[in-house]
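I opened this notebook to record what I looked up in the structure. The entries are brief and follow the order of my reading.

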There are 2 protein chains.
Amino acid sequence: MKNKRKQHVISTKPPSGTRDFLPDEIRKRQYVTGVIRDVFEQYGYEPLETPAFENIETLLGKYGDEGNKLIFKILKRGEHEHTGEADLALRYDLTVPLARVVAQYQNELPKFFKRYQIQPVWRADRPARGRFREFYQCDLDSIGSTSPIVEAEILAAVCDALTKLSFSEFTLRLNHRGVLAGLLAAAGVREDLHGAALVALDKLDKIGVDGVQKEFVARGIDDRSAQACLKLFVDAGGPGDGSAADAVARIEQAIGAVPAVENLRAIVAAVEGTTAGQRIRIDRSLARGLSYYTGAIMEIAVADLQGSLGGGGRYDGLIGMFLGRDVPACGFSIGLERILVVMSERGMFPATVARGAVDIIVTIWNADRLADAIALAAELRRGGLRVEVYPEPDKLGKQFKYASGRSVPFVTIVGDDELAANAVAIKDLRSGDQTSVPRADAADFVRRRLAHNG
Amino acid sequence: MKNKRKQHVISTKPPSGTRDFLPDEIRKRQYVTGVIRDVFEQYGYEPLETPAFENIETLLGKYGDEGNKLIFKILKRGEHEHTGEADLALRYDLTVPLARVVAQYQNELPKFFKRYQIQPVWRADRPARGRFREFYQCDLDSIGSTSPIVEAEILAAVCDALTKLSFSEFTLRLNHRGVLAGLLAAAGVREDLHGAALVALDKLDKIGVDGVQKEFVARGIDDRSAQACLKLFVDAGGPGDGSAADAVARIEQAIGAVPAVENLRAIVAAVEGTTAGQRIRIDRSLARGLSYYTGAIMEIAVADLQGSLGGGGRYDGLIGMFLGRDVPACGFSIGLERILVVMSERGMFPATVARGAVDIIVTIWNADRLADAIALAAELRRGGLRVEVYPEPDKLGKQFKYASGRSVPFVTIVGDDELAANAVAIKDLRSGDQTSVPRADAADFVRRRLAHNG
């Protein structure tokens, strides 16, 4: 009987793979996106936002067969609804919308268009721990120039953002598509096997040297080339302790002064005078999965953390997809959801974010004092505090308990004595201390205590 | 031939009824939502965000037949795609998701849950000027108390937000569902015609007294009741010049000291000590279309502006829809999109928002100076400026032109002389003035100029 009834009850959970963000979680998300946004804007990257859905033909075919299946499609409306056809689809990433925007507004956008975009995307993936059907992407892209300044500024902005989020032990791995090709050629790997070799190399972190060696053989790379590869990429290729410039010089010894080496050297030189200068690690084995990169490849590596907090690179062939010509582009995608998880696990949020939303609750002495409570709240707000008014004339103990339960550090009490003396009693719910202060000084008093105790 | 080819070209416009927000537009939107957010948080309202889509059964049937047709439905995926069935639907408003959240997290949320939510909603309306298929709603709701403090705090928060956005000539119209019912009864309107009478009264602004009179008759209200209505609502009922307390007293004379009058009086008294105190106008004829209001009704009225910038009221019967019981609730929806239009039309954005994103562009003297340009940019950013580096060693004139075209007020020039003297030439592109300053003072110099000239 109970089960039978349950079938008629609508679930109030959010849809599978999506999340409701309650206030504490939003505060964390707003903090992180706020820091990133501020840094990006210091660098002259400008915000862009695009609609949640695109015309379906804009998205279909852009993400491969697998991607096509994961796109959420929106049913036609009205008389067409019964056809079961879709004409719109939810945004799957931020790159295709950017390519559309670059084509649509080519006469309005600056010649060098530096944009960031922080918006959700939707993928009908099977939900799993850390994998959602609605999640935010945070992309930074620089369109219109092939100058090494583009890569250097992206690396510096990413470095500043991570530092402001109080990540300290991280490096920025840097490689170049042309270096990968040059080293594979030097090792004698046939060009048609380059892709296969890179897929194997990309697993180095996970499966180790022996594993990569086996993968090479399984993918049809002859033993001699496989050995040469491991020598060139692994023995000589790790980030090492030397400077990035030294690492570039060693690559030049292996494959000559090809354009990719010159480009990498120029990027390293450009980044030198920024805070990212000390963070750069040339890593020959960095391949990243995406085949659309055409130049530099970059990735964040954090000490004691598997995987990456973000990555990117130059991809001159993609942004012009709706224009029918190549457009220089270099981008970086910051792993916002991952950063939030890591910062929560490691307790990296500042006390002001962790503490909650309200500084003080104005309690109600009795039912005749509602207007005075609201007036006091207005005074405290003018003094810069975030103030909630307890709405009902409950017993004071109940009001205190409510405030404690919400982790609000202070409450006010205005009893008959305080009212007569034009004073306010401020109770610190963490220590239990109660102090009576002149009403005009109440906001200052609380602000000082907050600054002192967090 | 040309037409034939065009059919194969994918449109790069955003889907019908949606908008791409380019940087200048986003800056305005971020400014407005930032101001509103800050004010709401000062009042202890906390942020909530819910997924873009809901399970379809959560939304269907909640918005009437007309609403059902306007819901964007998402096709089932994978093997079910061919059935043409939908299992998800895009958020249509922020109230149903709030009701779902209140039911789902009833043990985690505070007893008095004050939340704001600023997120897009989607409606398959026919697009028109000012009517979009994707638009933002900005809702403020207070759940869990019937205290007049709830209404007073909402009115004060809305008033502060509008004031901070530099609206000066506005009032907050206030009425009460129970007052409407009492006045209609006093006028002799049969209870089953109350709804019809309110619909007619709601058009007073648009069609005038004569129009309302005709509507009354058309809706079956006898002539005598219609006359009495007009007398009670219009002649005696306008906001007038008297105090809100006086207006409440006059309503009491007409319908007695019923609970609605007492509630209205308590709200007026509670709001007295806030900045909203002087803004309140009791307006007997304010009905607002939505039939779900159960208590106070409120609306923003701006001088010289047709329609409203937002409204709300108490609706104790709705938020508990998934709990199967009434839950006290009072809310206000700020017309974010309308506010943006009005502020743009009236030039109400501060100069810092209008000016654009970048304070200064670092120009490139020649191809050997890329690294120095980036280092200078890093110094200026540390000095608090938003800095873009021109990425290519183009002729200086071209670089200046680019900066002017982007409305960037300053550029740096580091020629051979400046480099030797450890100086930077700062050119003000608005006046043409060029000043050479010690490199260490460059950021301060620009900051002072910006503070002075906007």
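This is a predicted model: local features need pLDDT of at least 70, side-chain atom pairs count only at pLDDT 80 or more; totals for chains, interfaces and linings use all residues.

The entries below concern the relation of the chains, their contact, the domains and a sheet.

**Entry 1: relation of the two chains.** I asked how chain B can be laid on chain A. A turn of 180° with a shift of 0.0 Å along the axis places chain B on chain A with an RMSD of 0.1 Å. I therefore record the two copies as related as by a two-fold rotation axis. I then looked for the residue of chain B that comes closest to the rotation axis, and found B:Gly84, whose C-alpha lies at 1.8 Å.

**Entry 2: contact between the chains.** I looked up how many residues of chain B are in contact with chain A. The contact involves 81 residues of chain B and 81 residues of chain A.

**Entry 3: domains of chain A.** I find chain A divided into domain 1, residues 23-345, and domain 2, residues 358-453. The centres of these two domains of chain A, taken over C-alpha atoms, are separated by 50 Å.

**Entry 4: a sheet in chain A.** I traced an open sheet of five strands in chain A, in the order S13-S12-S14-S15-S16, and noted its mixed pairing. Which strands stand at the edges? They are S13 (387-389) and S16 (434-438) of chain A; each has a single partner strand, so one side of each is left without a neighbour in the sheet. On average, neighbouring strands of this sheet are turned by 30° against each other, direction ignored. Within the sheet, S14 (residues 410-413) and S15 (residues 423-428) of chain A run antiparallel and are joined by four bridges. I note that A:Phe410 stands opposite A:Asp428 in S15(A).

**Entry 5: a sheet in chain B.** Four bridges join the antiparallel strands S14 and S15 of chain B, and B:Ile413 stands opposite B:Ala425 in S15(B).

Note on methods:
Residues are numbered from 1 along each chain as its sequence is written. Chains are lettered from A and ligands numbered from 1 in the order in which they are written. Two residues are in contact if their C-beta atoms, placed from the backbone, lie within 7 Å. Two strands pair if DSSP finds at least two bridges between them. Helices (H or I, at least four residues) and strands (E, at least two) are DSSP runs, numbered from the N terminus. Copies are superposed by least squares on the C-alpha atoms of residues with pLDDT of at least 70 in both. Domain bounds come from an automatic or database domain assignment. Axes are lines fitted to C-alpha atoms, for helices over the stretch in contact, and angles run from 0 to 180 degrees between N-to-C directions.
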